Amino acid sequence: QVQLVESGGQLVQDGDSLRLSCVLSGLTINKYAMGWFRQAPGKEREFVSAISAVNLYPDYADSVKGRFAISEDNGKNTLFLQMNFLKPEDTAVYFCAARFTGFSAETFREERDYDFWGQGTQVTVSS
């Protein structure tokens, strides 16, 4: 059974940092392109960041570029999102997602491209 479980979300202040984790079970992360998405209250879910299965090429939405960093630990089968200089507009539920690609260096920005999703973790940034 495939499971993606996010953690690390909490209430922080403007300018703080957080690291989100997404632990995968039932699949091997090095054969999957991974992504982070977020959904703010009253808004549609949006792309945040992605990383390829091979060579770990990162991709970022313009709104987080230079502040967020995506990474993974293959040994722990875990995806991370380091978030620095957080802003109130980063407040959202953050979701991780996985797409089987085998040994591919491709990244994906569209929700429909992903096969598996976690339940999300809440990040709240107060001003």
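A disulfide is a pair of cysteine sulfur atoms within 2.5 Å. I start my notebook with that cut-off, and I remind myself that this model is predicted.

**Entry one: the disulfide**

I looked up how many disulfides the structure holds, and the count is 1. Cys22 and Cys96 are the two partners, with 2.0 Å from S to S.

Cys22 belongs to strand S3 (residues 18–25), while Cys96 belongs to strand S9 (residues 92–100). They are 74 residues apart, so I noted that the pair links distant parts of the chain.

Are Cys22 and Cys96 buried or exposed? I found that both are buried.

I also looked up the handedness of the bond. The torsion about the S-S bond of Cys22 and Cys96 is about 55°, so I wrote down "right-handed" for this disulfide.

**Entry two: the sheet**

Then I turned to an open sheet of 4 strands. Reading across, I get the order S1-S3-S8-S7, and the pairing is antiparallel.

Which strands stand at the edges? They are S1 (3–7) and S7 (68–73). Each has a single partner strand, so one side of each is left without a neighbour in the sheet. On average, neighbouring strands here are turned by 15° against each other, direction ignored.

Last, I followed S7 to its partner S8 (residues 78–83) and found 6 bridges in the antiparallel sense. I also looked up Phe68, which stands opposite Met83 in S8.

Terms used: Residues numbered from 1 in each chain as written. Predicted model: local features only at pLDDT ≥ 70, side-chain atom pairs only at ≥ 80, totals over all residues. Heavy atoms only, no water. Pairing = 2+ DSSP bridges. Axes fitted to C-alpha atoms, helices over the stretch in contact; angles between N-to-C directions. Buried < 20%, exposed > 50% of the residue type's maximum accessible area, 1.4 Å probe, protein only.
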